[in-house]
Amino acid sequence: MGNYLLKRMLQIIPVLLILTFIIFCLVYVAGDPVALMLPPEAGETAKAALRKALGLDKPFAEQYLIYLGNLLRGNFGTSYVYNQDALSLVLERIPYSIELAMVSLCCSVVLGIVLGVAAAHFRNTPLDLFVNGLAALGQALPGFWVAIMLILLFAVQIPLLPVSGAGTWKHLVLPSATLTILTSSKIIPLIRSNMIEVMQQDYIRTARSKGLRSSVVVFKHAFKNTLVPVITIIAMQLPTLLGGALITETIFAWPGLGMLIYRGVANLDMTVVQAGVMAVAVITIMANLVSDIAYCLIDPTIKYQ
Amino acid sequence: MTKKKLVACLTAMLLVLSCLPALGATAESERKVLTIAQGGDISTFDMQNHNNGVTGAVLCNFSHGLVERADADNSWVCVLAESYQMIDDSTWEFKLRHDVTWHNGDPFTAADVKWTYERVAQDDQLKENHIFKIIKEVQIIDDYTVRFITDGPYPTMLSLLSKNGSQVMPSKYIQENGLDYYLEHPIGCGPYKFKEWVKDSVVVLERYDDYFGGTPYWDEVRFRSIPEASTRVAELLSGDVDIITNVPTNEWDRIDQNEGTEIVLGNGTRVFNVIMKWNTSPTQNQKVREAVAYAIDAKSIIASVLKNAGTPCYTRIAPGVFGQDTSLYDIDKYDAQKAKELIAESGYNGEEIELLVPSGRYLMDSEVGKIVAAMLQQVGLNVRVNVLEWSAYINKFNVGDFNGMALIAYGDDFFDASYGMNEYRTENCTPISCYSSEAYDALYLEALNNMDPVSRAAQLIQMQQMIFVDECVQAPFIHLKVPYGINSRLNFTSRIDEMFYVNRITLK
């Protein structure tokens, strides 16, 4: 197991190097950042001068090598927009993204498990139909619509919560509710189908025949074996919630990593895009690693070499 | 503890906890707090390195320039300067106020002025360098007198020193602590000092009690960054925000009909323009270009899509900008029949013309672009609309990567027509429109160094006639108004430069 973990950690390095090259290429071909730094009225002479001053007139290969050289020395570069170290910008945003992601993920998992287990236990009853319907609705509804509806209902019509922003627990409610609705709707069907499959196993039949209470059979014997796909979902959803909750962050003006990366792309602020994407990549890899370890803990039959 | 006692304790705790917010609210409600929501975040506290209106609207409350523009008529007023005079064509002298302090208590002196403007004139990595590099030197005559030496005659010195991005920076503080420290802990000399900046969320400024202009009106000013327009509107309707910018037209009725909020239409400098390629068929034919100008029914667009938030015009120079040709403003030249005749005379063979249109950058830009394309199609031009998000649009626009025409809405924060008309010089037209005229280039350079305002204004007007009438290089058509959503508790007068000088926004 130790060797396996070490190998996985070392894999991060080539993955990140390849990622920097891909991102650099994509942002380079997307266009000229100077076009966005100066107003259209500035004139071509002024733009050419700024391009030269920032080294953006150099050939692609030279720009990439300079960037890579700085990166290997721990220098992620300076944001063209904020004129601040790109890595520090990303690190400022990560706590907000983690806060929103963790709250949303926890709520999604709890809601997903409760409703998924209930739907499986009461299979083919009105409750099962209702839960399946909710899950389908959650997957069908666009995220921005859900967000705007929640704002109109709970912040404008019934002013219980703030419309947008960050800073207090109240600001967290609506954006995390939005993400919970979207994420839990993916978890519910998975838990339900896994529970149904597990409940049909011989050892469950044995447990029932021993006269154990239904709740003991479900939660002590069956539930543990449905956790493997749940861990997979968490590992897959975490990077999405951290760096991809752009629409939710934009609508709620939540200052997270998704919005920073989006602004970086929109402004062709290459250093910020690189730093942001690499942060998400590292978190994704770590999340996958943690999920691999969790598999072993839950299911001792899983071993790594 | 018995069950009854436990319930009693919990009830007492809940009662106490529920009272706490009310206590906080009472203290909070006695403070005067103004909240403004813009569509983006500021980018920096480096006064000369941002070049965007969102940042400028915050920084103008944080620090000052030597001169600024008055709210009412856009004339110049001395702020950090007590007086100024032109010594000769290349030398301007400013006497500075003696009673100004930075937010850390340091006195404002001539050294700050010298450091600020020589820095931006010499550092070509700063975004304002291209316009400030005309300053050769700033001489310190004494602690409160400076002289600006320009590279040749420079009639627009006051426009330069009052534009967005002209605020002075604290030289001693930056030299002692470094620029990076200043950017994290900025200080200015304006009525509001830095309290907090949560990036992509909010900039909070608080009252600076030792402000030379008297006690600032607000205790705290919050500039929030809310990218989504519907969210900004919801914030205004819920009462958590006092002023919002960039309000789409489909929300105006909702804001006006809501008790306690209203829409205010202010003046700005943005003018919708159709840029036309000078060197490719068919727009290289002047008759085709003139047909485009006649084919656009600006009044209909203003009445429908823009909800009367605009004025028809045939110059990109807006009112309030020195040197505007007023004969080209608020007139209607729409004539579809004449447009058709010009197209027939031009020999146009029906080839496709692209109209590149931005989306989400200007008020109803993509809608206006589509309507313009339809109007051009009605007079016989085969126009294909290409709508792009702003960063994709501006990259194509800047390299001239469009086949025929592009829609844009130029602004002007310099308030001198020489700024906008600079674009038509040969060196700046390449590769966008590729217009080139030696006569125009010569006239421009003559006006650039002309110190007589009367004859210079005449030259600027002549330039507009050359570009927009004689050769019809571009087709400006609508001068846009600027919509603000405001809380009706405020006395708010918009400014033509779209800045928010919050000390002059008060409660009714």
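Axes here are lines fitted to C-alpha atoms, for helices over the stretch in contact, and angles run from 0 to 180 degrees between N-to-C directions. Helices (H or I, at least four residues) and strands (E, at least two) are DSSP runs, numbered from the N terminus. The crossing of helix 9 of chain A and helix 10 of chain A is right-handed; a crossing is right-handed if the near helix is turned clockwise from the far one by less than a right angle, and left-handed if anticlockwise. Helix 9 of chain A brings Y203(A), I204(A), A207(A) and R208(A) to the contact, and helix 10 of chain A brings V217(A), H221(A) and A222(A). Two residues are in contact if their C-beta atoms, placed from the backbone, lie within 7 Å. By class, this contact has five nonpolar, one polar and one charged residues. Ala, Val, Leu, Ile, Met, Phe, Trp, Tyr, Cys and Pro count as nonpolar, Asp, Glu, Lys and Arg as charged, and the others, Gly among them, as polar.

Before going on, a word about what you are looking at: this is a predicted model, in which local features need pLDDT of at least 70, side-chain atom pairs count only at pLDDT 80 or more, and totals for chains, interfaces and linings use all residues. Residues are numbered from 1 along each chain as its sequence is written, while chains are lettered from A and ligands numbered from 1 in the order in which they are written.

The axes of helix 1 (residues 2-30) and helix 4 (residues 60-72) of chain A come within 11 Å and cross at roughly 135°. These two helices of chain A are therefore oblique to each other; angles under 35 degrees count as roughly parallel, over 145 as roughly antiparallel, 65 to 115 as roughly perpendicular and the rest as oblique. Helix 1 of chain A passes helix 4 of chain A in a right-handed crossing. The contact joins T20(A), F24(A) and Y28(A) of helix 1 of chain A with F60(A), Y64(A), Y67(A), L68(A) and L71(A) of helix 4 of chain A. Seven of these contact residues are nonpolar, one is polar and none is charged.

Now to the place where the chains meet. The contact takes 43 residues from chain A and 40 residues from chain B. On the side of chain A that touches chain B, the elements giving two or more residues are helix 2 (34-37), helix 3 (44-53), helix 7 (143-157), helix 12 (246-251) and helix 13 (257-266) of chain A. Helix 3 of chain A gives the most, with six residues. By class, this side of chain A has 30 nonpolar, nine polar and four charged residues.

Turning to chain B, we find an open sheet of four strands in the order 4-5-7-6, with antiparallel pairing. Two strands pair if DSSP finds at least two bridges between them. Strand 4 (81-88) and strand 6 (135-142) of chain B stand at the edges, each with a single partner strand, so one side of each has no neighbour in the sheet. The twist averages 20° from one strand to the next. A hairpin joins strand 4 to strand 5 of chain B through two residues, and six bridges link these antiparallel strands. Strand 5 (residues 91-96) and strand 7 (residues 145-150) of chain B pair in the antiparallel sense over five bridges, with E93(B) opposite R147(B) and F94(B) opposite V146(B). Helix 3 (residues 110-122) of chain B lies across strands 5, 6 and 7 of chain B, running at about 170° to strand 6 of chain B. Strand 5 of chain B has a covered face, W92(B), F94(B) and L96(B), and an uncovered one, T91(B), E93(B) and K95(B).

Elsewhere in chain B is strand 16 (residues 404-410), largely enclosed by the rest of the structure because seven of its seven residues are buried. A residue is buried if 20 or more other C-beta atoms lie within 10 Å of its own, exposed if 12 or fewer, and partly exposed in between, with C-beta atoms placed from the backbone. Six bridges join strand 16 of chain B to strand 12 (residues 261-276) of chain B, and the two run antiparallel. Three bridges join strand 16 of chain B to strand 14 (residues 353-359) of chain B, and these run parallel. A406(B) is the bridge partner of I275(B) and also stands opposite L356(B).
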